[in-house]
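This report describes one protein model and the surroundings of its ligands. The sequence and structure come first, and the description follows.

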Amino acid sequence: MKIAVASGKGGTGKTTVAVNLALALDNVSILDCDVEEPNDHILLGADIDEQIPVTVPTPRVNMDSCILCKKCSEFCEFHAIFIGKKVIIYDQLCHSCGGCKMVCPTNAIYEIEREVGTIYVGYKGNIRLVYGKLNIGEPVATSVIKAVKKYANPNGITIIDASPGTSCPVIETIQNSDYLLLVTEPTPFGFHDLSMAIDVVRPLGIPFGVIVNKAGLGGFDYKIRCKELDAPIVMEIPFDKRIAELYSRGAPFVEELPEWRERFQDLLARIKREVEVID
Ligand code: SF4
Ligand code: SF4
């Protein structure tokens, strides 16, 4: 079963939820798909054993065969090919679709494998952690996210941590998940971003529940707002001095507050029931 964790904006406690859930369940895989700023490994304290480069096919042109017909640049909807006195390919704009190679009438285009990021694999006890890191200057995160998602456990629980927001990398990350946890803070801003995230998620048909982090902070009536959004609250993590203090030390709170281990286990039981009913 794949459980994705996402949030409409950064700083809501999404990583805290993903890591504490993993620690409470034990013997799970956690995939950090926030490939521009992965940090689950820091909070989890995992030892990294393996590093694997992520490469993407990228076109190159044999100018001896090129007749400067421009068919490749006309085809490329990402404007990654410019034709002047020779063919220039902007690697960072290329989405590796292979289309330019197909339309070239003289077979002048071939592909090389270009490194765009790295996959890191490690363990904390029985928990397997995999995270991806996109190379600096690379704008297309989806290839690294896809590479991380290949490490999903086919027979057990996989927790997938998305990047914040509602952009393409988030959609790529949560697609094909069995359940989605949306983490938010009990503020008007938090719920504004949550409602945007729900608008994006609903058409995907993934069942979801809301986790309200820092519940009790401020006077915003998040319960009414969740009802209006038809979004079930599946967990409330209170604005608690002990949790805040552990967070400030970079310590996952389930390790120090065992009652939370049970709460996350109850959450998994609820998710399993809901997913089974839908199946
Ligand atoms: S592979 Fe696709 S995206 Fe990349 S340059 Fe060719 S047509 Fe454009
Ligand atoms: S389609 Fe082929 S021949 Fe035409 S400009 Fe592009 S690389 Fe050259």
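## Ligand surroundings

The shell around ligand 2 has 11 nonpolar, 1 polar and 2 charged residues. In this classing, Ala, Val, Leu, Ile, Met, Phe, Trp, Tyr, Cys and Pro are nonpolar, Asp, Glu, Lys and Arg are charged, and the others, Gly among them, are polar. Of the 14 residues around ligand 2, those that come nearest are Cys66, Cys69, Lys71, Cys72 and Cys104. A residue is near a molecule if its C-beta atom, placed from the backbone, lies within 6 Å of it.

Ligand 1 also has 14 residues around it, and Cys76, Ala80, Cys94, Cys97 and Cys100 come nearest. The shell around ligand 1 has 10 nonpolar and 4 polar residues, with no charged residues.

## Basis of the model

This is a predicted model, in which local features need pLDDT of at least 70 and side-chain atom pairs count only at pLDDT 80 or more, while totals for chains, interfaces and linings use all residues. Residues are numbered from 1 along each chain as its sequence is written, and chains are lettered from A and ligands numbered from 1 in the order in which they are written.

## Overall architecture

The protein is divided into domain 1 (2-54 + 117-278) and domain 2 (63-107), with bounds that come from an automatic or database domain assignment. Taken over C-alpha atoms, the centres of domain 1 and domain 2 are separated by 39 Å. The C-alpha trace of the protein spans about 70 × 45 × 40 Å along its principal axes.

The protein has 10 helices and 11 strands. Helices (H or I, at least four residues) and strands (E, at least two) are DSSP runs, numbered from the N terminus. Buried residues make up 40% of the 279 residues. A residue is buried if 20 or more other C-beta atoms lie within 10 Å of its own, exposed if 12 or fewer, and partly exposed in between, with C-beta atoms placed from the backbone. Among contacts between residues at least 6 apart in sequence, 74% join residues at least 24 apart; two residues are in contact if their C-beta atoms, placed from the backbone, lie within 7 Å.

Helix α1 has 12 residues and reaches 17 Å from its first C-alpha to its last, close to the 16 Å expected at 1.5 Å a residue. The expected span is 1.5 Å times one less than the number of residues in the helix. Because 12 of the 12 residues of α1 are buried, the helix is largely enclosed by the rest of the structure. Just after α1, Asp26 takes a positive phi of about 60°.

Ala22 is found in α1 (residues 14-25) and is buried, with 31 other C-beta atoms within 10 Å. Leaving aside neighbours within four places in sequence, Ala22 is in contact with Val28, Ile30, Leu44, Ile127 and Ile159. Val254 is 232 residues from Ala22 along the chain, and their C-alpha atoms are separated by 9.7 Å.

Ile30 is found in strand β2 (residues 29-32) and is buried, with 29 other C-beta atoms within 10 Å. Not counting residues up to four places away in sequence, Ile30 touches Ala18, Ala22, Asp40, Ile127, Leu129, Ile159 and Asp161.

## Helix α7

Helix α7 (residues 188-201) has 14 residues and reaches 20 Å from its first C-alpha to its last, close to the 20 Å expected at 1.5 Å a residue. Gly190, Phe191, Asp193, Leu194, Ala197, Ile198 and Val201 are buried in α7. They cover an arc of only 160° around the axis, which puts them on the same side of α7. The arc is that of the directions from the helix axis to the C-beta atoms.

The face of α7 turned away from its buried side carries the exposed residues Pro188, Phe189 and Asp199. The cover over the buried residues of α7 includes β1 (2-6), β9 (179-184), β10 (208-215) and α8 (222-228).

## Positive phi in two loops

Most residues other than glycine have a negative phi. Lys70, in the loop between β3 (47-61) and α3 (71-75), has a positive phi near 75°. Lys70 is exposed, with 12 other C-beta atoms within 10 Å.

Asp230 lies in the loop between α8 and β11 (233-238). Although Asp230 is not a glycine, its phi is positive, at about 55°. Asp230 is exposed, with 8 other C-beta atoms within 10 Å.
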